[in-house]
Amino acid sequence: SLHEGQRAVLVLGTTEYQPLDSGATPTSLTFQVAQAQVGVHLARLRIDGIDSPVIDMDFEPPQVPRFLNRTVEFT
């Protein structure tokens, strides 16, 4: 959960989106993505500059990166 004073943003590809203030709680954030580029974008949550994991470190063999299914598609 998010602690008071922490900064959270949604990152889609290389673009950051700020959470909406209304309805935000330590366990729930809402984002509005206006004019998103069409396509599939890697999605991650960035809290105080640290991104959520996107590579499955449990996958074998470890030298072949396998991305977690954390994408958003806009059509």
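## Exercises: salt bridges and surface

A search of the whole structure, a predicted model, finds 4 salt bridges. The exercises below start from the overall fold and then turn to single residues.

**Exercise 1. Describe the make-up of the protein.**

Step 1. Count the elements. The protein has 0 helices and 5 strands.
Step 2. From the N terminus, the elements run β-β-β-β-β.
Step 3. Check the burial. Of the 75 residues, 16% count as buried.
Step 4. Look at contacts along the chain. Take those between residues at least 6 apart in sequence: 53% of them join residues at least 24 apart.

**Exercise 2. Is arginine 44 buried or exposed, and which residues does it touch?**

Step 1. Arginine 44 lies in strand β3, residues 39-47.
Step 2. Apply the cut-off. Buried means under 20% relative accessible area. Arginine 44 has 14%, so it counts as buried.
Step 3. List the neighbours, leaving out residues up to four places away in sequence. Arginine 44 touches Val9, Leu10, Val11, Gly13, Asp51, Ser52 and Val54.
Step 4. Pick out the charged partner. Arginine 44 forms a salt bridge with aspartate 51, with the closest N and O atoms 3.0 Å apart. The two side chains are also joined by a polar contact of 3.0 Å.
Step 5. Compare the partner's cover. Aspartate 51 is partly exposed, with a relative accessible area of 31%.

**Exercise 3. Trace the salt bridges of glutamate 16.**

Step 1. Start with arginine 7. Its side chain meets that of glutamate 16 in a salt bridge of 3.6 Å, N to O.
Step 2. Check the cover. Arginine 7 is partly exposed at 44% relative accessibility. Glutamate 16 is partly exposed too, at 35%.
Step 3. Arginine 46 is in strand β3 and glutamate 16 in strand β2 (residues 15-17); they are 30 residues apart and link distant parts of the chain.
Step 4. Name the network. Arg7, Glu16, Arg44, Arg46 and Asp51 are linked in a network of salt bridges.

**Exercise 4. Which residues form a nonpolar patch on the surface?**

Step 1. Name the members. Ile55, Met57 and Phe67 form the patch.
Step 2. Give the area. Together they have about 340 Å² of accessible area.
Step 3. Locate one member. Isoleucine 55 is in the loop between β4 (50-51) and β5 (71-74).
Step 4. Classify isoleucine 55. At 33% relative accessibility, this residue counts as partly exposed.

Conventions:
Residues numbered from 1 in each chain as written. Predicted model: local features only at pLDDT ≥ 70, side-chain atom pairs only at ≥ 80, totals over all residues. Heavy atoms only, no water. Patch = residues over 30% accessible without salt bridge, like charges linked within 9 Å, V, L, I, M, F, W, Y side chains within 5 Å. Areas by Shrake-Rupley, 256 points an atom, 1.4 Å probe, with all protein chains shown as cover. Helix = DSSP H or I, 4+ residues; strand = E, 2+ residues; numbered from the N terminus. Buried < 20%, exposed > 50% of the residue type's maximum accessible area, 1.4 Å probe, protein only. Polar contact = N/O pair within 3.5 Å; in protein donor to acceptor, adjacent residues only side chain to side chain. Contact = heavy atoms within 4.5 Å.
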